[in-house]
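Here are my notes from going through the model, point by point. Have the viewer open while you read.

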Amino acid sequence: MTTNTVDPAEIAKFTAMAAEWWDPNGKFKPLHMLNPCRLDYITGQIAGEFDRDLATPLPFRDLRILDIGCGGGLLCEPMARLGATVVGVDAAERNIPVARTHAEQSGLTIDYRFTTAEALAATGERFDVVLNMEVVEHVADPLGYLTACQHLLKPGGLHICSTLNRNAKSFAMAIVGAEHIMRWLPKGTHEWSKFITPDELCDLLTRAGLDPVDRKGFQFNPITWTWRISARDLSVNYVTASLKPV
């Protein structure tokens with residue numbers, strides 16, 4: 001397994017934006033807009049795989065959830081509120097104090113660490129769920145990175161991975177639209193050549209030792225400015241669920 005899949009240039013981009021994680025109108029505005037849709041998918045998949053009722057208090061109690069590339073904690077905090085024991089890791093060191101401070105202000109206990117997936121896997125820690133959202137398109141070695149994610153799961157564990165498709169539409173929307181026209185993100189945040197098609201990701205997940213069981217699209221409506229989960233449209237943003245064999 002590759003010992004370090006971190007791309008220093010990619011980490012530098014997000015380090016520069018660290019202080020803006022919790023500003024819904026700042027540089028992470030696209031994630032704030034997408035977050036409710038991401039959470040709907042994540043919570044639904046976890047509830048289904050672990051037979052949890054989302055209508056009950058603390059439905060994720062006794063589940064250990066890892067969020068890789070946690071940033072400021074936009075996914076960690078909802079998981080903690082649902083009762084999970086949450087670890088958030090990020091290779092951009094400046095993100096960690098931002099995440100810790102916000103969790104403390106929110107009255108939440110979350111274990112945030114400045115580390116990588118590979119380093120954490122080497123410690124032998126294992127989780128019921130690994131969240132890997134909008135990270136794989138930023139790493140130097142996607143297969144090595146996904147293999148580390150697989151090692152971090154308990155047998156039967158759930159891996160949820162979202163990324164960006166690679167086609168003309170994703171170039172137009174994620175780079176030309178989001179970075180140059182709308183200026184939601186600084187220019188150069190994404191490299192279109194590093195985007196991964198759904199079939200490519202499925203192959204990588206399988207080669208990493210995971211069993212893909214679901215994939216959906218995140219579809220943006222430019223009229224209502226809202227996102228929804230789509231069973232058919234994986235043309236730009238999409239998400240996958242995979243299981244580690246028992």
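1. A definition before anything else: a polar contact here is a pair of N or O atoms within 3.5 Å, where, within protein, one must be able to donate a hydrogen and the other to accept it. Keep in mind too that this is a predicted model.

2. With that in hand, look at Glu-125. A polar contact of 2.4 Å links its side chain to that of Arg-113. The Glu-125 side chain also has a polar contact with the side chain of Arg-64, at 3.0 Å.

3. Where does Glu-125 sit? Its place is in the loop between helix H5 (117-122) and S4. Is Glu-125 buried or exposed? Its relative accessible area is 19%, and the cut-off for buried is under 20%, so Glu-125 counts as buried.

4. Now the surroundings of Glu-125. Setting aside neighbours within four places in sequence, Glu-125 is in contact with Arg-64, Arg-113, Leu-120, His-151 and Leu-152.

5. On to strand S4, residues 127-133. How many of its residues are buried? The count is 7 of 7, so to speak a mostly covered strand.

6. S4 has pairing partners. Strand S1 (residues 64-68) pairs with S4 in the parallel sense over 4 bridges, and Ile-65 stands opposite Val-129 in S4. Strand S5 (residues 153-164) also pairs with S4 in the parallel sense, over 6 bridges; there, Asn-132 stands opposite Cys-161 in S5.

Conventions:
Residues are numbered from 1 along each chain as its sequence is written. This is a predicted model: local features need pLDDT of at least 70, side-chain atom pairs count only at pLDDT 80 or more; totals for chains, interfaces and linings use all residues. Side-chain values use heavy atoms; hydrogens and water are left out. Buried means under 20% relative accessible area, exposed over 50%, partly exposed in between (1.4 Å probe, protein chains only). Helices (H or I, at least four residues) and strands (E, at least two) are DSSP runs, numbered from the N terminus. Two strands pair if DSSP finds at least two bridges between them. Contact means heavy atoms within 4.5 Å.
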